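Dear colleague,

I am handing over the structure below, and I would be grateful if you could look through it alongside the notes that follow.

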Amino acid sequence: MAEAASTGVLPDGIRPVAAPAPEVPACEAVAPEAPAPEAGSAAAGSGRWLARAAVLTAAFTAAGALLGLVRDQLLASVFGAGPETDAFLVAWTVPEFAATLLIEDGMALVLVPAFAAALARRGALRAGADPVRALVRATLPRLVLTLGAAAVVLALAAPWLVPLLAPGLARPALAVDCVRLTASCLLSFALAGWCSAALRAHGSYAAPAAIYVAYNAGIVAAIVLLGPEWGVRAAAAGVAAGGVLMVLLQAPGVWRRLRLKACPGADTKGDAGAVALAVIAPVVVFAVSRQSQVLVERFLAAPLPAGAISHLNYAQKVAQLPMTLSLMVCTVSFPVVARALAAGDTGAARRRAERDLLLAGLIVLTGAATVLAAAPQLVQLLFERGAFDRTDTAVTATVMRVYALGLLGHTLVGALVRCSFSAARPLWHPAAAMLAGIAATGAAGHPLAGMWGAPGIAAANALGISLTAALLLAGSRRGGVPLGAGALLSGLARLAAAALAAAAAGRLCAVGPPLLAVTLAAAAVLVVLPAAALALRAPVVPELLARARRPRPATPTDRPRTKAPV
């Protein structure tokens, strides 16, 4: 797959247009990367490259999400929504926390801009140490030592950790066993996140996008093979196996791109400052705060009747699928935005980020409208079998609908924080906004859980994440990408109004058996949402419809052949 154009900047701020490739000494040779678009067609080439990367990422993301559904269906069918599953889900907090901090938010938000800046500097160097090599040596050994030690400490501290995470849990000893089995994911997820950041910065998206396919495959295989003897501990063992598979999937690609030979006398410490504490701290605080939402929810749900944590988990996993698919747009363009900022082209970074925010909002609102329209049928179709009964379906569907109200907020937080952390030195504003959202979730969650149970906790989640999104949007000009908050807010409000109209139409159409009801509801949403968006003059939708109607350009093989005269 072709890599996005690397735009180095000369000392006087003039961007080189067709400069010859710098000569890199043999001792600094690296594996060749995919060619960037030529200067004459940079914009078109970059667009085509992003489209291909987005399609590839979407395909693997969808495959990973489907396997995640299979995983959750197995958990629901084999273990139901009872004390065993609750015990596993308390331990599941470890990989969820690790995934956010070490793969999705923390590691990516620090290392993708760092690798992008190192690649930009490499393009401007004609001799000396390779900045990419310096970054690898400054980060990878420390990462392995630190997270390896953290995994050991977590396994030893499990008996004290479980009561803190879920006081009053019905099966605390089982949760301790599961925490110890999942502890190794601290190291494996850290390595997987490091590899993903390096590959994405180099323009390689296939392996990073496929990691959750490998991860969920490991969990599914463990439940099937070990479940009859190990019980829910098999799922915890699958988490450990899946983490190893994520690393093995990406290791060959990383080795090909980062294979370096030592240069006598070369300075390999020059980029250590790129990931100094001042850069890492805001990202870590944000990522930890964001994942703390799950800790707050499970803490509030632990005293509720057995199964409350399970209902929240199943509802959240399905409701957040649209968010996962929407953020793939920002995941693909994040390295491009970071490189544009490294090259000083804030205009290009702003245009790319604003368009991606609106497109991600449209995607997540389409999914949210479908969830609002057909949540009971979705839960019945996916989970109602085995130990998961009608009562579980009713509670989970209610929770899912409440979660759907906060999906736009979750997507905006995930997208806006990438804009804030695209620059070389991240800011503290996203972390402060996230902490405010967590405080709102906790303050509202306690009384709402007492009144409404699990749906009340979901409502507190939606309130807290929406507050965080509003604060991030209000302070978006402080970030690395100076966004136009007013225009974005207006466009998103119109898209949200169109999604509400589509959800109402979909709910009217959700009749019949579960599969038919979900199909009819989704079809109604896909018809009504674009029509309502056009009526409300919402952004993005007219452009997408125009592209869909635009005829494909003729190619030499498409042109009719004329018969030669005899």
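In these notes, a contact, or one residue touching another, means heavy atoms within 4.5 Å. Please bear in mind that this is a predicted model, in which local features need pLDDT of at least 70 and side-chain atom pairs count only at pLDDT 80 or more, while totals for chains, interfaces and linings use all residues. Residues are numbered from 1 along each chain as its sequence is written, and side-chain values use heavy atoms, with hydrogens and water left out.

The protein chain has 20 helices and zero strands, where helices (H or I, at least four residues) and strands (E, at least two) are DSSP runs numbered from the N terminus. Of its 566 residues, 53% count as buried, a word that stands for under 20% relative accessible area, with exposed meaning over 50% and partly exposed in between (1.4 Å probe, protein chains only). The chain exposes about 23900 Å², of which carbon and sulfur atoms supply 68%; accessible areas come from the Shrake-Rupley method with a 1.4 Å probe, and for residues only the protein chains shown count as cover. Among contacts between residues at least 6 apart in sequence, 84% join residues at least 24 apart.

L181, in helix α5 (residues 172-182), counts as partly exposed because its relative accessibility is 29%. Leaving aside residues up to four places away in sequence, L181 touches R233, A236, A237 and A240, and its C-alpha lies 9.3 Å from that of A235, although L181 and A235 are 54 residues apart in sequence.

F421 sits in the loop between α15 (407-420) and α16, and it counts as buried because its relative accessible area is 0%.

Helix α16 (residues 429-452) has 24 residues and reaches 33 Å from its first C-alpha to its last, close to the expected 34 Å, which is 1.5 Å times one less than the number of residues. A kink of about 35 degrees lies at G445 in α16, shortly before the proline P447; the bend at a residue is the angle between axes fitted to the seven residues ending there and the seven starting there. After α16 comes G453, with a positive phi near 70 degrees.

Finally, L248 lies in helix α9 (residues 233-258) and counts as exposed because its relative accessibility is 56%.

Best regards
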